[in-house]
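Please read this report alongside the displayed model. It treats the overall make-up first and then turns to selected local features.

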Amino acid sequence: MKKNKILLVEDELNLRDTITDILIYHNYDVKSAENGQKALEILDHWTPDLIISDIMMPVMNGHSFHEIIKETEFLNQIPFVFLTAKNDGNEMEKCLLNGADLFLTKPFKIETLIKIIQSKIERFEEIKNKNNSINPSESSYYLHEINTPLYGILGSINLLMNPRQNLKENEIDFFYHTIKTSGKRLDRTLKNSILYQNLKNNNLEFLENSNSEIATVFSKIKDEITDLDKTQAKRIYSNIEESNIKIQNKYLHFILFELLDNALKFSKKNKKIIVSGKKFNSEFYEIIIQDFGNGFSEEELKEINVYKQFNRDKEEQQGLGLGLFMSKTFIKKSKGVFSIISQKNVGTTIKIFFPLLEENQ
């Protein structure tokens, strides 16, 4: 049975350990931090169902920590409970007006804390369940991404079934290929939408003991891309050294497929894509994806987000704009590092550092 996850942020060691032990006893999965900065480092790769935070802490206090949570996608809906020794009406009002779910004053009864936690998590689960559906209104391109391949499939089938067409062999092959590529595009759109929804609702697990062999995964992705379009094989120049890295296979597959597909999609047909991968040091594996295509401006790089696309009115793009945003998120949650350098009309270079699997594992 899946345990609900709680992040506890408290600078006083004895109290932090005591509350942690109590929550674990009540069957919660708990991580703790001594200040807001340490808590943010945990949230990079682990998403809780509830956050409990002290206010007065060194390095980053509870108010500053809460402000960052409110401004962060995927985190701003998580119930947030302030825990403080200050029995101050003004302080309580400030916390609640800033969007906190509750203000709990020390000392408190353990029974009270457990009841509050159960209530807030149950409410959070209700909200997630209500939102657990794909909402076309989130993207004006969603229906387009469903209908375009669907029309391609149905249109091709109608032509193939019409005896009056007297289709030649090469025309028949063309329509079969259209059905195949359109079907795969539709399948990808639906799967990515569901994956995003699960990420949004904190239903994805990022297991720390998982690993993948990167050269094998990359080879499979390259085959998948070139199977849809044989011309792409000549554009991809790759040198990927074998290595086991600490990330689940499904997330690595998503990341590499989306980033390689984007590099091809946003480059002219005669431009090559260079992909290299090797051990960077004893802790990380580095993969670099370089294209010589449209590139991003500095302003556009800052705006990269879910369902965000650029220059769609000028260029026909396939996809919902989920790939880059979700790739960054998966890398971060797998304790990797992502960087992107781009220049408009020159190209883009993406560097990813994946944690290496220790040799003795």
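Predicted model: local features only at pLDDT ≥ 70, side-chain atom pairs only at ≥ 80, totals over all residues.

Residues are numbered from 1 along each chain as its sequence is written, and side-chain values use heavy atoms, with hydrogens and water left out.

**Overall make-up**

The chain has 11 helices and 12 strands, where helices (H or I, at least four residues) and strands (E, at least two) are DSSP runs numbered from the N terminus. Of the 361 residues in the chain, 45% are buried; buried means under 20% relative accessible area, exposed over 50%, and partly exposed in between, with a 1.4 Å probe and protein chains only. Among contacts (heavy atoms within 4.5 Å) between residues at least 6 apart in sequence, 69% join residues at least 24 apart.

**Helix packing**

Two packed helices are described by the angle between their axes and the distance between the axes. The axes of helix α9 (residues 249–265) and helix α11 (residues 323–333) come within 9 Å of each other and cross at roughly 145°; axes are lines fitted to C-alpha atoms, for helices over the stretch in contact, and angles run from 0 to 180 degrees between N-to-C directions. On the α9 side the contact is made by Y251, F254, I255, E258, L259 and N262, and on the α11 side by G323, L324, M326, S327, F330 and I331. These residues of the contact divide into eight nonpolar, three polar and one charged, with Ala, Val, Leu, Ile, Met, Phe, Trp, Tyr, Cys and Pro counted as nonpolar, Asp, Glu, Lys and Arg as charged, and the others, Gly among them, as polar.

**Aromatic rings**

The structure holds eight aromatic pairs; rings of Phe, Tyr and Trp (its six-membered ring) pair if their centres lie within 6.5 Å, and planes under 30 degrees apart count as stacked, over 60 as edge-to-face and the rest as tilted. Two of the pairs are listed here.

| Pair | Centre to centre | Angle between planes | Class |
|---|---|---|---|
| F80 and F82 | 4.9 Å | 65° | edge-to-face |
| F174 and F175 | 5.4 Å | 70° | edge-to-face |

F80 is buried at 1% relative accessibility, and F82 is buried at 0%. In the other listed pair, F174 is exposed, with a relative accessible area of 52%, whereas F175 counts as buried at 15%. F206, Y251, F254 and F330 form one aromatic cluster.

**Charges over rings**

A charge sits over a ring if NZ of Lys or CZ of Arg is within 6 Å of the ring centre and within 35 degrees of the ring normal. The charged end of K31 sits over the ring of W46, 5.4 Å from its centre, and K272 lies over the face of Y237, at 5.3 Å from the ring centre.

**Backbone angles**

N27, a residue other than glycine, has a positive phi near 70°; N27 lies in the loop between α1 (13–25) and β2 (29–33) and is partly exposed, with a relative accessible area of 45%. V59 likewise has a positive phi near 70°, lies in the loop between β3 (50–54) and α3 (62–70), and counts as exposed at 73% relative accessibility.

**A residue of α2**

L43 lies in helix α2 (residues 36–43) and is buried, with a relative accessible area of 6%. Leaving out residues up to four places away in sequence, L43 touches L7, P48, F65, I69, L75 and K333. The C-alpha atoms of L43 and K332 are separated by 9.4 Å, although these residues are 289 residues apart along the chain.
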